[in-house]
Each structure stands twice: as C-alpha cells, then as structure tokens.
Amino acid sequence: MTKEAEHAIEVENLTKRYGDLLAVNDISFNVRKGEVFALLGPNGAGKTTTVEIIDTIRTPTSGKVTLLGMDVTKKKHDIVPRIGVLPQGFSSFDRITVRETLQYYSRLFCSMNTDIDGLIELANLKDKSKEQFKNLSGGLKQRLGIAIALVNDPEVVFLDEPTTGLDPRARREVWEVLLGLKKKGKTVFLTTHYMEEAELLADTVAIISKGKIIAIGSPDHLIESNANYLGLTLKSVDEKVFEIVRKMGFEPVHDNYRSIKVRVEHTDDVRKILNAIKDAGAPFLGMDLRKPNLEEVFLKLTGEGLHEGPAGGRGTE
Amino acid sequence: MNLRVVGANLVVRIKSFYREKSAMFFTIAFPIILILVFGTIFMNQDNMSFDLYVQDLDRTNSAAHLVNTLKLNGKFKITNVDPAINATQYAKDNKIDLVLIIPKGYESSFNQRIESNDANASVTIRYISDPSSASVSTKMQILNSVFAEINQRMTGKSPFIRTAETSILSKKYRFIEFFVPGIIAMSLMTASLSGAVNMNAELRQKGIIRKLSTTPITRTDWILSNILYQFILSVISTIAILLVSYAVFNVSLQINVWLPVFIVLAVFAFVGIGMILTRVAKEAESATAAANFIMFPMMFLSGSFFPLEMMPGFLQTFARILPLYYVNEGLRASMVFVDHMTALRYSAIIGAFAAVVFVLGVITTKWEDSK
C-alpha cells in the first residue's frame with residue numbers, strides 16, 4: 001500500500017445525486033499528503049457536496065472515497081478524530097467566548113494537551129480571546145473556525161469556502177492564517193470560488209464545473225497548459241493602432257473606451273507591437289502586460305469568452 | 001457515551017443560559033411573577049369581605065340591631081344609604097350591585113311577633129340587585145342564610161338539622177397551595193419543550209450541528225447533555241418557585257420523593273415532544289410556533305391555573321389526554337393531598353408517555369444534516 005502512504009485522500013468515481021439533480025458526476029482525484037489542495041469552481045459546481053462527502057458530513061450515492069487509508073462511509077468514527085473541518089457557513093454558540101469555544105471543541109475531541117494559546121496566536125485572535133462569538137466580525141469568526149478545525153492536531157484539514165462573504169481585507173487576514181497553516185505542513189483540502197485564493201495557497205488545483213472536474217494540476221501547470229500567452233492592454237489608443245496590430249497578425253479586441261487587448265506569445269511580440277505603433281506615430285497613453293491567471297484558465301475551460309464571462313470587467317493591475 | 005463530552009456540552013449550555021437574560025427571565029422570573037400575581041389575587045379568598053349597602057327606612061333600635069347582626073357575620077363591609085333617597089336610582093347611579101332595604105315598621109312588626117306572639121306579623125326585606133354582577137348571588141345566599149338563622153331562632157326551638165364538616169384533607173389548604181404545583185408543572189413544560197425546540201432548531205439553522213457532526217460527539221452524548229441541562233434548569237426553577245411560595249405565602253406543601261420523580265418524567269416527556277417538533281418543523285420560527293401551539297392550550301386546559309371542575313364536561317375529558325394534566329395532578333396528589341397512590345398512578349401514566357415520545361424524539365433526531 002504505497003499509495004496510502006502517499007495519498008491522504010483518494011476519490012474514485014464519486015457521484016452524488018439529490019433527487020433529479022446530479023450534484024457530483026463521477027469524479028476521481030487524489031490529494032497527496034502535506035499538500036494544499038484547492039477545489040475551485042463557481043457556486044453550485046459541487047464543491048461543498050464533494051468536500052462534505054470526503055469529510056464524512058454526507059454520504060455518496062456511489063463511488064469510493066478513502067481518507068487516510070479508510071473508507072469514509074465505513075470508518076467515520078476512526079476518521080473524525082484525525083481530521084479538522086471548517087464547514088461552509090460555520091457558526092458557533094453565540095454567547096461563548098473565543099477561548100471557551102476552543103476549549104469546548106478540544107474537550108469534544110478529548111484532547112488533553114491542546115495548545116489553546118498557540119491556536120489563538122495562529123488565528124491572530126489574541127486580543128479577542130474574551131469576546132463572545134456573536135460579537136465577532138465575519139473574518140474573525142472564520143479565523144476562529146480555522147483554529148477550531150485544528151484543536152485535535154488533525155492530519156487533514158478541510159476548509160469549505162473559508163473566505164466567502166468577507167471583504168478583501170478580512171480575506172487577506174484569513175489567507176495569512178492559512179499560509180501559517182501551510183507552513184506547518186498539514187494536508188489542507190480547500191474549496192473556494194476565488195481564483196486568487198487558489199493561486200496563492202494551493203499546491204494543486206482541481207477546477208470543478210457542473211459536478212465534473214475539468215482540469216487538475218499545479219496552478220503554474222494549469223496556466224501554462226491552458227493559457228500560454230500574455231495579455232497586453234494598450235490604453236486610450238488611436239483607432240489606427242487597432243488596425244496596425246490586426247495587420248501584424250494578432251487578434252486585438254476592444255476593451256471599454258479606447259483601450260484594446262491583445263494576446264501575445266512572447267515579450268518579443270510586445271516590443272514589435274510597440275515599435276510598429278511608434279513608427280506609425282500613433283499616440284497611446286499607457287500599457288499593461290499581464291500573465292494570465294486561473295481565471296483565464298477557468299473561463300477558457302468552461303467555454304466562456306474572456307470578455308463576456310461573468311467575471312469580466314476586471315481592472316488591470 | 002463520553003462523560004467528558006457530555007460535561008463540556010453542559011458547561012456551554014449553562015454558560016449560554018446564564019448569559020442570555022431573556023431565557024433567564026422566562027425560566028425563572030416568569031413562573032415567580034405568576035405565583036406572586038395569582039397568589040396575591042387569591043390570598044384573601046377565604047376571608048373575603050363583600051360590600052353591602054343598607055338603607056334603613058325604619059331607623060329604630062331593632063333595625064340597627066339587625067344591621068349589626070349582619071356586620072357581625074363578618075362577610076360584609078356595610079355602607080349605610082341615606083333613607084331619603086331612591087335606592088334603585090342610587091344603585092343605578094353608583095353601580096352598586098346590591099342594596100338591602102329594611103322597611104319602615106320593622107320594629108313594630110318585630111315587637112308584634114315577639115311580644116304578642118302574632119304568627120302573622122312579618123317583614124319583607126327587599127334586595128335591590130344587579131343580576132349581571134358576579135358576586136350578587138353569593139351575597140344574597142349569605143344574607144338568606146343569616147335571615148334563615150334569625151327566623152329559626154325566633155321560633156324558640158333549636159334547629160333539627162345541623163351540619164358538620166369533615167375535610168378529606170389532613171389540613172385545610174388554600175388556593176395558593178393548589179396553584180404552586182400547577183405552576184411548577186407549567187414551568188417544567190415550557191422550559192423543557194421550548195428549550196429543546198429552540199436549541200435544536202437554532203443549532204440546525206446556524207450550521208453548528210454540521211460542525212459537531214465532524215467531531216467525536218455522538219447523538220447520545222448530545223441528547224443526554226440536553227436532558228441533563230433541562231433537568232438542571234427545571235430543578236433551579238422549581239426551587240425558585242418553592243422558595244418564593246414559602247417566603248411570601250408561607251405555603252404548606254409536602255416535598256417528597258415524588259417531586260424529583262415528576263421533574264425527571266416531565267423533562268423527558270416535554271424534551272421528547274420538543275425533539276419531535278424540531279424534526280417536523282424545518283425552520284426555527286415554525287418550530288417555536290408549533291411549540292406555542294401545543295403549550296398554550298395545554299397550560300389553560302390541563303388545570304395548571306384553575307381546577308378542572310370549573311370547565312365543561314367535554315373539556316374535562318379532553319384534559320385527560322393532555323400530558324400536562326398528569327404532571328399537574330400528580331404533583332398536587334403528592335404535594336397537597338399526600339396521596340401516594342394517585343401520585344404513583346399518574347407518574348406511571350406520564351412515565352409511559354415520556355418513554356414513547358422520548359424514544360420517538362431520539363429516532364427522529366437526525367444527527368447528520370442529510371439533504
């Protein structure tokens with residue numbers, strides 16, 4: 001059983017049906033021990049169903065899920081003490097303080113020597129430890145939820161949409177905590193619909209859409225194999241420029257106002273385009289060159305175009 | 001089952017309760033307020049005095065003597081009405097439900113009867129009454145019995161039929177002694193039923209159960225800790241009710257082994273109903289509404305507040321299918337009447353009911369949020 005030693009999670013032909021709805025459609029993948037694995041997809045893609053089957057909250061319709069070498073449908077009692085879960089929409093007892101909540105969960109696991117202070121520090125909740133749960137902001141609640149998921153020093157941590165509904169700053173603060181977790185070498189199974197989150201945290205990303213996994217690999221690998229280009233944006237250009245670029249054999253598209261976007265293969269192409277514009281004497285106010293990210297990968301794989309996609313209209317960075 | 005887990009859960013429950021002031025109010029303060037309010041209202045029921053208006057048209061010593069006799073009866077607080085005014089109009093204007101009129105010539109008729117032994121001499125005492133008043137018939141009954149006694153005495157012979165009263169109770173009890181066990185039963189019901197409903201529904205809605213289902217806590221641990229928590233609350237609220245009843249009303253109630261027995265059985269029965277309701281109603285709000293729908297009729301129909309004999313026959317029959325009835329009557333049997341056989345019988349009935357609903361409740365409480 002060398003596979004068992006290598007893989008924390010093995011999912012084979014997993015399917016989950018709710019009546020007529022096929023939420024998860026025959027998916028298979030493995031999660032290596034010690035890696036951060038992100039299941040990335042839009043709302044309703046089947047992320048939560050998948051993670052909740054793996055972390056024993058739900059039962060599968062068919063297929064086999066092995067967690068730490070154990071069948072999740074048969075060995076719940078042996079699995080539960082070895083995993084930590086932040087469920088979606090995590091909540092806790094309103095009038096119980098941060099410290100008391102951690103103590104409560106550590107008692108549920110009968111962990112005698114949980115380092116409560118260490119967890120409070122990891123989640124950066126030191127000055128909130130005496131605050132009641134109901135008085136915490138969304139980001140603080142999630143950070144407490146992550147700390148709770150660690151009370152039993154689990155081998156695998158499941159985080160179901162840890163930053164959904166948080167403002168960008170709170171999200172970044174949760175990421176800080178997750179990066180700390182990653183440093184500890186835990187196996188982390190993360191679901192998210194934030195591309196940056198997966199890109200920043202994950203060693204392996206599986207993109208899920210409509211119950212199917214459509215791509216899997218490291219973020220770099222996914223980007224390289226699915227979006228091997230650079231995105232050049234030229235701002236406030238003359239109409240002439242569009243023609244110049246088109247005649248060079250590229251496929252420029254109009255962005256809002258007078259910007260155009262061009263996909264290029266190499267930085268060399270950028271130099272050629274800029275030179276051509278300069279030679280024609282056409283003015284432009286600025287440019288931006290960006291490596292594609294998982295968003296482009298996702299949009300390409302799900303067949304949605306770059307501009308008409310639901311996440312369109314992003315600002316350039 | 002894991003006692004450490006049960007203990008941890010219990011600590012969280014009790015802390016939450018202690019920090020939630022409205023739960024504190026409804027569990028402890030509310031029954032006490034009921035005791036204080038109803039206890040005060042009915043405290044003087046036994047030596048209650050009625051208002052009685054008397055218009056003495058005769059204005060003689062004999063008439064004054066009659067009024068004095070009525071006064072000595074102790075049931076009446078007598079107010080004299082000016083003989084010059086129209087008593088009917090006076091009663092109407094002042095919303096007086098009963099005016100007693102001693103006619104002119106009372107003394108002369110009285111003397112005629114006593115001194116001349118004239119059997120035909122008599123007086124008519126008139127009642128001017130408002131029949132819509134609730135207390136007027138009671139007043140007239142008392143007055144009639146006073147007059148009957150006077151009439152009887154005037155015959156000069158001692159009465160033939162006398163009455164003697166032997167209470168079936170070892171001692172006389174007041175309304176408050178009847179009321180306190182009813183309030184204990186009511187607070188056992190409201191705390192256990194709405195406690196179980198609110199907690200389970202809220203936990204489900206807030207997704208705490210989803211988190212708990214990924215920890216080693218089992219359904220048995222969860223249910224056991226909830227039962228223990230409700231039991232502790234019930235003991236606290238019962239003690240509070242009893243302390244207030246003893247301190248304020250000096251009740252005389254028998255505290256024996258049946259009290260804890262009924263507390264335990266009632267907690268199981270009503271937590272069981274609560275668990276079933278939680279399963280039937282998906283949302284926290286509808287579960288609470290369903291709990292109220294069950295609790296309020298039960299509170300009024302099963303004799304918590306007033307004796308069942310006051311209700312029509314079909315309602316009395318209906319009361320006998322309500323579990324709260326058996327807790328009420330069982331507690332009264334043990335605390336007021338010290339009737340162990342009745343207490344045993346009712347505890348068996350409520351025990352059987354508790355066993356059934358609790359088992360059903362445990363079966364219907366699904367630990368996984370299976371969607």
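Two strands count as paired if DSSP finds at least two bridges between them; strands (E, at least two residues) and helices (H or I, at least four) are DSSP runs, numbered from the N terminus. Welcome to the close-ups. This is a predicted model, in which local features need pLDDT of at least 70 and side-chain atom pairs count only at pLDDT 80 or more, while totals for chains, interfaces and linings use all residues. Residues are numbered from 1 along each chain as its sequence is written, and chains are lettered from A and ligands numbered from 1 in the order in which they are written.

**View 1. A pair of strands in chain A.** Strand 11 (residues 230-235) of chain A runs antiparallel to strand 13 (residues 260-264) of chain A, joined over 5 bridges. Look for Thr233(A), which stands opposite Lys261(A) in strand 13 of chain A.

**View 2. A helix on the sheet of chain A.** Here 4 strands of chain A form an open, antiparallel sheet in the order 12-13-11-14. Its edges are strand 12 (253-254) and strand 14 (286-290) of chain A, each pairing on one side only. Helix 11 (residues 267-280) of chain A packs on this sheet and touches strand 11, strand 13 and strand 14 of chain A (contact: C-beta atoms, placed from the backbone, within 7 Å).

**View 3. The domains of each chain.** An automatic or database assignment sets the domain bounds. Chain A has domain 1 (2-224) and domain 2 (229-291), with C-alpha centres 43 Å apart. Chain B has domain 1 (3-43 + 174-364) and domain 2 (50-154); their C-alpha centres lie 52 Å apart.

Notes:
Contact = placed C-beta atoms within 7 Å. Axes fitted to C-alpha atoms, helices over the stretch in contact; angles between N-to-C directions.
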